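This briefing goes through one protein model by topic. Please look at the sequence and the structure first.

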Amino acid sequence: MTNTTNSFTNAALAARDLKHIWHPCTQMRDHETIPMVPVVRGEGPWLIDADGKRYLDCVSSWWVNLFGHANPRIVAALADQAQTLEHVIFAGMTHPPAVELAERLVQLTPAGLDRVFFADNGSAAVEVALKMSFHYWRNVGHGEKTRFIALTGSYHGETLGALSVSDVGLYRSTYAPLLLEPILAPAPDTFQAEPGESPQAMAARCLRELESILERHAHETCAVIVEPLVQCAGGMRMYHPDYLTGLRALCDRFNVHFIADEIAVGFGRTGTLFACEQAQVAPDFMCLSKGLTGGTLPLSVVLTGEEVYQAFYDEYSSGKAFLHSHSYTGNPLACRTALATLGIFRDEPVIERNQQLGAHLARRLAPLRDHPHVADVRQTGMIAAVELVADKARGVPFPASERRGLRVFLHGLTRECLLRPLGNVVYFMPPYVVDEGMIDHMVDVAIEGIAKAVA
Ligand SMILES: *Cc1c(COP(=O)(O)O)cnc(C)c1O
């Protein structure tokens with residue numbers, strides 16, 4: 001640490017950072033005017049910067065944190081594992097944390113998901129699910145199935161395969177020439193409902209459209225991939241669970257897989273441990289990451305069923321094995337933090353507490369519905385979003401180039417809040433360890449920020 005400790009101030013760290021580091025999802029030139037915030041410590045839902053200022057992590061550090069930063073229980077498990085076994089090749093070798101984690105996940109996820117494939121981040125899990133679905137159909141004599149159906153406004157990650165089945169222009173359009181072409185089905189996103197159309201009616205309408213797409217394309221389609229209940233990166237767009245129930249039935253009828261990408265919505269975010277539970281459906285593949293380790297280390301899994309597994313299980317010479325690997329597949333440190341996270345779910349009334357916190361958040365956000373520049377206030381469990389518009393009566397959005405949401409972010413920094421809107425959508429996805437007072441503060445600061453943003 002020689003030569004560095006004296007430079008632990010915001011200004012010094014930010015300057016050193018900007019000399020060498022290229023940050024994700026960032027036009028780096030923005031940092032000529034927007035401060036880079038050097039975080040040196042985390043404590044529960046708070047982040048503390050190098051100057052000692054604190055910020056409430058209203059976005060759970062990109063939706064990964066569940067039980068606060070530096071959570072003692074998770075950290076203790078990590079420290080213990082670090083002194084025992086930090087990593088081992090996961091082909092031909094296994095280790096207790098992976099075995100135990102697989103057993104726990106099979107118990108907790110919907111029935112029928114009995115096989116667990118490990119990877120190391122969300123996008124990788126989506127790649128695995130896409131490849132596994134395609135490879136399954138090939139192994140059972142349906143090599144003609146090569147395509148995927150995704151929903152409008154969906155986001156499944158940013159590696160080329162995952163980006164291929166995503167429909168957020170900001171991330172996709174530049175790379176479109178490199179990507180697979182998905183078949184897009186309309187999302188049952190209630191924000192786009194017809195006037196007077198209920199979420200249920202909209203789900204039914206979108207299912208009819210999906211049915212007609214499947215009539216034309218099922219023969220060439222491997223799977224339909226969706227984010228259950230909330231399309232997060234697409235702007236926290238939400239939909240009725242009926243859509244998932246209908247999707248399950250259509251996938252069965254048309255012989256295509258159902259891939260549930262619960263990377264963002266899993267682990268209690270939507271009010272149940274997994275979002276699929278609200279439709280009482282089991283997908284053919286379930287992708288999990290983000291909250292899996294409580295936000296401590298990168299890890300992901302894809303769960304699938306026995307029938308898929310058996311289609312790969314054969315003589316070596318059959319060439320049917322699933323050959324996909326990452327160096328850090330099933331990392332023991334990450335698996336231990338996941339086990340500690342699941343231990344918290346087992347020992348504490350997390351879901352019940354979230355229901356109370358969610359209800360409080362809903363009460364506090366309700367008055368925003370009458371705001372002249374708020375077109376929608378929506379919420380599913382511990383995800384809430386406020387959609388800002390230029391003209392409420394005519395539903396005209398603010399041009400993206402005006403970056404209204406950025407003003408909310410900048411205001412938040414001055415008021416101890418890390419809010420990071422998605423375009424014109426101000427959203428709240430706090431760690432589950434916030435209390436009602438923190439929710440009050442978060443909403444107050446957002447309302448102030450919105451006032452500045454629409455001025
Ligand atoms: C974040 C996210 C991913 C990608 O996960 P990474 O770990 O960022 O690669 C995939 N799907 C959904 C729904 C996500 O929110």
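Where is the place of methionine 236? Methionine 236 sits in the loop between β8 (230-231) and β9 (237-238); helices (H or I, at least four residues) and strands (E, at least two) are DSSP runs, numbered from the N terminus. The model is predicted, so local features need pLDDT of at least 70 and side-chain atom pairs count only at pLDDT 80 or more, while totals for chains, interfaces and linings use all residues. Residues are numbered from 1 along each chain as its sequence is written, and side-chain values use heavy atoms, with hydrogens and water left out.

**Positive phi values**

- Most residues other than glycine have a negative phi.
- Methionine 236 has a positive phi, near 50°, and counts as buried at 0% relative accessibility. Buried means under 20% relative accessible area, exposed over 50%, and partly exposed in between (1.4 Å probe, protein chains only).
- Serine 61, which is not a glycine either, has a positive phi of about 45°. Serine 61 belongs to helix α2 (residues 60-63) and is partly exposed, with a relative accessible area of 28%.
- Glutamate 416, which follows α13, has a positive phi near 65°.

**Domains**

- The domain assignment gives domain 1 (10-70 + 350-454) and domain 2 (76-347); such bounds come from an automatic or database domain assignment.
- The centres of domain 1 and domain 2, taken over C-alpha atoms, are 26 Å apart. The contact between them takes 29 residues from domain 1 and 27 residues from domain 2, where contact means heavy atoms within 4.5 Å.

**Nonpolar cores**

- The largest nonpolar core has 113 residues, of which Met236, Phe267, Val386 and Phe428 touch the most other members. A nonpolar core is a set of buried Ala, Val, Leu, Ile, Met, Phe, Trp, Tyr and Cys residues joined through side-chain atoms within 4.5 Å.
- Helix α14 (residues 436-454) supplies the largest share of this core, 9 residues.
- Both domain 1 (10-70 + 350-454) and domain 2 (76-347) contribute at least three residues to this core.
- A second, separate core has 24 residues, including Ala125, Ala162, Cys287 and Ala311.
- Phenylalanine 428 is in contact with Cys58, Leu361, Leu365, Met382, Ile383, Ala384, Val386, Leu419, Met442 and Ala446, leaving aside neighbours within four places in sequence.
- Leucine 368 lies in the loop between α12 (350-365) and β13 (374-380) and counts as buried at 4% relative accessibility. Not counting residues up to four places away in sequence, leucine 368 touches Val374, Val377, Val386, Ile447 and Ile450.
- Leucine 368 and methionine 132 are 236 residues apart in sequence and 44 Å apart in space, C-alpha to C-alpha.

**Helix α13**

- In helix α13 (residues 404-414), the buried residues are Arg404, Gly405, Val408, Phe409, His411, Gly412 and Leu413.
- These buried residues pack against β3 (54-57), β15 (417-418), β16 (425-428) and α14.

**Ligand site**

- Around the ligand are Trp63, Asn121, Gly122, Ser123, Tyr155, His156, Gly157, Glu227, Asp261, Ile263, Ala264 and Lys290, each with a heavy atom within 4 Å of the ligand.
- A nitrogen atom of the ligand is 2.6 Å from a side-chain N or O atom of aspartate 261.
- Oxygen atoms of the ligand are found 2.6 Å from a side-chain N or O atom of lysine 290 and 3.4 Å from one of asparagine 121.
- Taken alone the ligand exposes 380 Å², of which the protein buries 82%; accessible areas come from the Shrake-Rupley method with a 1.4 Å probe, and for residues only the protein chains shown count as cover.

**Two buried histidines**

- Histidine 257 is part of strand β10 (residues 257-261) and counts as buried at 6% relative accessibility.
- The side chain of histidine 257 makes a polar contact with the side chain of serine 133 (2.8 Å). A polar contact is a pair of N or O atoms within 3.5 Å; within protein, one must be able to donate a hydrogen and the other to accept it, and residues adjacent in sequence count only if both atoms are side-chain atoms.
- Histidine 95 lies in the loop between α3 (72-82) and α4 (96-108) and counts as buried at 3% relative accessibility.
- A polar atom of the histidine 95 side chain lies 2.7 Å from the backbone oxygen of glycine 330.
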